Amino acid sequence: MPTPQCAGRLRALATLLMASLLTTPLAGVLADSGPASYLSERDRFIDEMVAEQGFDRSELTALMAGARYQQSIVDAMNRPYEAKPWGQYRALFVTPERIAGGQRFLAEHQALLAQAESAYGVPPEIITAIIGIETNYGGTLGSHRVLDALSTLGFAYPRRSAFFRKELKEFLLLAREEAVDPVTVLGSYAGAVGKPQFIPSSYRAYAVDFDGDGQRNLWDSDADVIGSVGAYLARHGWQRGQPIASAATLTGPLKSGVEVGGKRPVVPGFTVAQLEAAGVEPEQTLDPGARAALIELDRNGPEYWITLDNFYAITRYNHSNLYALAALELSRAIAPAESSPGD
């Protein structure tokens with residue numbers, strides 16, 4: 001059963017939900033045009049949330065009746081950016097406009113970024129680059145209702161339905177905890193929200209109240225946004241003051257036994273010295289004993305990188321070597337001359 005405080009929040013949120021449903025064009029629009037699985041899974045989800053999380057059945061039924069199946073969201077899931085080759089993916093994010101925007105963000109939030117680096121060890125350029133890739137520094141927060149995105153994928157996208165069903169549950173719990181109206185929240189086609197595009201479970205687990213106002217607000221508080229990106233990377237193994245990755249060349253045929261990764265993240269399983277002995281030469285000087293992996297990507301031919309623990313930490317934010325490398329290259333482009341992440 002919910003606590004009296006939780007019940008009070010739930011009643012207040014229900015009032016807000018009903019007002020929203022009655023005053024928007026979505027009022028009375030049911031999801032009955034979706035696949036049969038969408039409707040049956042929606043009803044089963046309501047049963048679960050009532051039994052397990054103490055939601056009021058009538059209020060939750062009204063909320064979920066306003067959720068709409070969106071075929072466009074399923075289509076978007078089937079053509080992710082990460083399916084592109086590295087050269088095309090890089091061109092989407094490491095652009096003159098995004099570099100200039102990152103330099104402005106760094107200048108405008110210098111003090112907050114320095115506080116986050118002190119607290120979590122993550123350089124300002126890395127935090128800024130991630131926000132830049134995710135939402136163009138807060139300029140593009142997403143155009144899909146999160147309620148629609150997560151219900152569509154949770155109820156009618158069998159390949160990953162269990163994951164997105166869990167995220168829908170996390171989203172409703174987040175809305176209850178942070179007094180957010182779930183009817184109006186917009187995000188990505190995969191249900192990520194706010195300037196750093198946290199999925200709901202990550203929001204609940206890793207977002208921080210960096211401005212100390214009692215709420216974790218990843219939409220309007222740049223302090224919370226910056227602090228939460230730093231906290232997320234720190235919780236996923238970021239090592240203060242350590243390099244991220246180095247471009248590399250092969251000095252000859254690669255010796256057997258060395259795994260070469262591609263787009264999918266690779267846990268560093270060698271040392272730099274072992275890779276060098278196998279015929280891999282980094283462009284930067286790296287600690288011979290540092291844990292490392294070797295990846296090969298395609299940009300006008302093969303491109304090799306030695307990636308380290310901090311690179312792998314970035315792939316915990318988005319499970320793609322393309323993403324982590326784009327964040328690194330953007331961070332290097334926006335960094336002040338005296339600072340160069342990954343060196």
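**Is Glu-48 buried, partly exposed or exposed?**

With a relative accessible area of 25%, Glu-48 is partly exposed. This value, like the others in this report, is computed from a predicted model.

## Overall architecture

The protein chain holds 15 helices and eight strands. Of its 343 residues, 50% are buried. The accessible surface of the chain amounts to about 15100 Å², and 52% of that area comes from carbon and sulfur atoms.

Among contacts between residues at least 6 apart in sequence, 71% join residues at least 24 apart.

Side chains of opposite charge can pair when their charged atoms come close. In this model the count of salt bridges is 16. One of them joins Arg-44 to Glu-48, with the closest N and O atoms 3.1 Å apart. Both residues belong to helix H2 (residues 36-53), where a spacing of four residues corresponds to about one turn of the helix. Arg-44 is partly exposed, at 42% relative accessibility. A network of salt bridges links Glu-41, Arg-44, Glu-48 and Arg-165.

Another salt bridge pairs Asp-43 with Arg-42, at 3.6 Å from N to O. Asp-43 is partly exposed, with a relative accessible area of 41%, whereas Arg-42 is buried at 11%.

## A link between distant parts of the chain

Lys-195 and Asp-222 form a salt bridge through their side chains, with an N to O distance of 2.7 Å. This pair connects distant parts of the chain, 27 residues apart: Lys-195 sits in the loop between strand E2 (186-187) and helix H11 (200-206), while Asp-222 lies in helix H12 (residues 222-235). Lys-195 counts as buried because its relative accessible area is 14%, under the 20% cut-off.

How values were computed: Residues numbered from 1 in each chain as written. Predicted model: local features only at pLDDT ≥ 70, side-chain atom pairs only at ≥ 80, totals over all residues. Heavy atoms only, no water. Helix = DSSP H or I, 4+ residues; strand = E, 2+ residues; numbered from the N terminus. Buried < 20%, exposed > 50% of the residue type's maximum accessible area, 1.4 Å probe, protein only. Contact = heavy atoms within 4.5 Å. Areas by Shrake-Rupley, 256 points an atom, 1.4 Å probe, with all protein chains shown as cover. Salt bridge = Lys/Arg side-chain N within 4 Å of Asp/Glu carboxyl O.
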